[in-house]
Structures are given as structure tokens and as C-alpha cells.
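Good morning, and thank you for coming.

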Amino acid sequence: GLVVVVISLLFAYPVAYLYAKARFRHRSLLLILLLAPFYTNIIIKIFGWMVLLGRQGIINALLVNCRLIDRPFEFLYSYFGVIIIMVYVHVPMMALLLIGPIQNIKDSWIESAKISGSKDWEVIKDIILPLSIPGILSGAIIVYASVMASFIIPLLVGGDWGKRFIAVMMYNHINVTQNWAFASTIAMILIVTTLTII
């Protein structure tokens, strides 16, 4: 959950900042592009990524052709594949939650800091990031809770790694081993952890 939150934040923040500070007429097109992944069913997204990440997929072909790897990497049925797909699913959600707080940062504050002699990285560190903390926290909480409860991505893509995800463990103990007591314990851990974070 923490890995997905951090990576999603790194990808979503520039997108949210670009949208929040965009000054052209067709800014709504950016919003449509940001919302586009929500229009597709999660199963279709997963199978699309399974094609891309397969041993004969485009990503492996590009990596081999660019000589970054010697032979195709096993993205599917690995922890790495689960992380890639979860980040793809959660980046739009994180970006949407960041847009509001970033829009509230007035350009005059940034200009004042630059006029006062602050460098770009100081403006980011001392003004932009602190003022966008409400969006970062809300995005992190929602993405983390969603990843903790995620079931279908680790089940289809995770292979042996997927069985270590808490929702898949709970499913296996209910439907496969019929160990309802252990499944209930897992459910309580999931509920308590998520509610504590929220």
C-alpha cells in the first residue's frame, strides 16, 4: 500500500499541477483525459496490462530491443506487475484529489517568493508542497485504503505473490481452506488498519 501511494503521488503530482495551473481554453480536455481510465472496467484494464506486460508483450520487446535487458522479464505473476497495474489504476484518483489544494495556491504567493530571491526548489519545498498537504493526505488515505482492499489485481496478476495480499488471503481462507476463524481475523485486521488510517 505504501509503495503504491508513494509512486502514485510521484506520477500524479505533476499531472495535477499541470491541470491546476493550466491557462488555456480547452482545459476541460485535460480533465477528460484524466477521467478516461474510470470509464473502463477494471477487468478490461487488467487484461490489457497483461498483454502489455507478457513475455511477448510490447514492454518486454522495447526493453530487449533497447538492450536494457538480455531476455524478457517476468512482469506477470510477480510483485512488480501488481505494483505497475495498481499505480496505473490509482494515479488518476490521486491526481483528482490533488487538484483542489493546488488550485488554491495563489500565483501571487509564488511570484512573491521568487521576487524575494527564493530558488525554484525552495518555492516547491517551502510553499507549494506545504500548501498541498491536504490533497496529499486525502489522496494517500484513499489510495492506501483502496490498495489494502484490492482483490482482483493481485488475484489475476500476482501469481504466488498475489496470495500474500490480505484480500486474497481472506478469500482463500473462506472459499478454499474453509478456515472462517482465520478469515475473520484477517478481515478485522483489514478493517481496523483502514479505519485507523482514515
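Predicted model: local features only at pLDDT ≥ 70, side-chain atom pairs only at ≥ 80, totals over all residues.

Let me start with a pair of helices: α5 and α8 pack at an angle of about 155°, with their axes 8 Å apart. The axes are lines fitted to C-alpha atoms, for helices over the stretch in contact, and the angles run from 0 to 180 degrees between N-to-C directions. The angle makes α5 roughly antiparallel to α8. In these terms, angles under 35 degrees count as roughly parallel, over 145 as roughly antiparallel, 65 to 115 as roughly perpendicular, and the rest as oblique. Helices here are DSSP runs of H or I with at least four residues, strands are runs of E with at least two, and both are numbered from the N terminus.

Residues are numbered from 1 along each chain as its sequence is written, and side-chain values use heavy atoms, with hydrogens and water left out.

Returning to the pair, α5 passes α8 in a right-handed crossing. A crossing is right-handed if the near helix is turned clockwise from the far one by less than a right angle, and left-handed if anticlockwise. Which residues of α5 and α8 meet? From α5 come M86, H90, M93, M94, L97, L98 and P101. From α8 come P134, G135, I136, S138, G139, A140, I142, V143, S146 and V147. Contact means heavy atoms within 4.5 Å. By class, this contact of α5 with α8 has twelve nonpolar, five polar and no charged residues. Ala, Val, Leu, Ile, Met, Phe, Trp, Tyr, Cys and Pro count as nonpolar, Asp, Glu, Lys and Arg as charged, and the others, Gly among them, as polar.

Helix α5 has another partner. Helix α3, residues 42–53, packs with α5 at an angle of about 135°, and their axes are 11 Å apart. That angle makes α3 oblique to α5. The crossing of α3 past α5 is right-handed. On the α3 side the contact involves I42, K45, I46, W49 and L53, and on the α5 side G81, I84, I85, Y88 and V89. Its classes are eight nonpolar, one polar and one charged.

Is G81 buried or exposed? With 0% relative accessibility, G81 counts as buried; buried means under 20% relative accessible area, exposed over 50%, and partly exposed in between, with a 1.4 Å probe and protein chains only. Leaving aside residues up to four places away in sequence, G81 touches L53, F75 and V157.

The axes of α1, residues 2–21, and α2, residues 27–35, come within 9 Å and cross at roughly 155°. These two helices are therefore roughly antiparallel to each other. Here α1 passes α2 in a left-handed crossing. V15, Y19 and A20 of α1 make the contact with R27, L30, L31 and L34 of α2. Those residues divide into six nonpolar, no polar and one charged. In the loop between α1 and α2 we find R25, which counts as exposed at 77% relative accessibility. R25 and M50 are 25 residues apart in sequence, and their C-alpha atoms are 37 Å apart in space.

Two loops contain a backbone feature worth noting. Most residues other than glycine have a negative phi. Y77, in the loop between α4 (58–65) and α5 (79–103), has a positive phi near 60°. Y77 counts as partly exposed, at 47% relative accessibility. Q178 also has a phi near 60°, and Q178 lies in the loop between α11 (166–175) and α12 (180–197).

In α11 itself, A167, V168, M170 and H173 are buried. The buried residues of α11 pack against α8 (133–148), α9 (152–157), α10 (159–162) and α12.

Finally, the whole protein. How many helices and strands does the protein have? There are twelve helices and zero strands. Along its principal axes the C-alpha trace spans about 65 × 45 × 30 Å. Of the 198 residues, 35% count as buried. Among contacts with a separation of 6 or more, 65% come from residues 24 or more positions apart.
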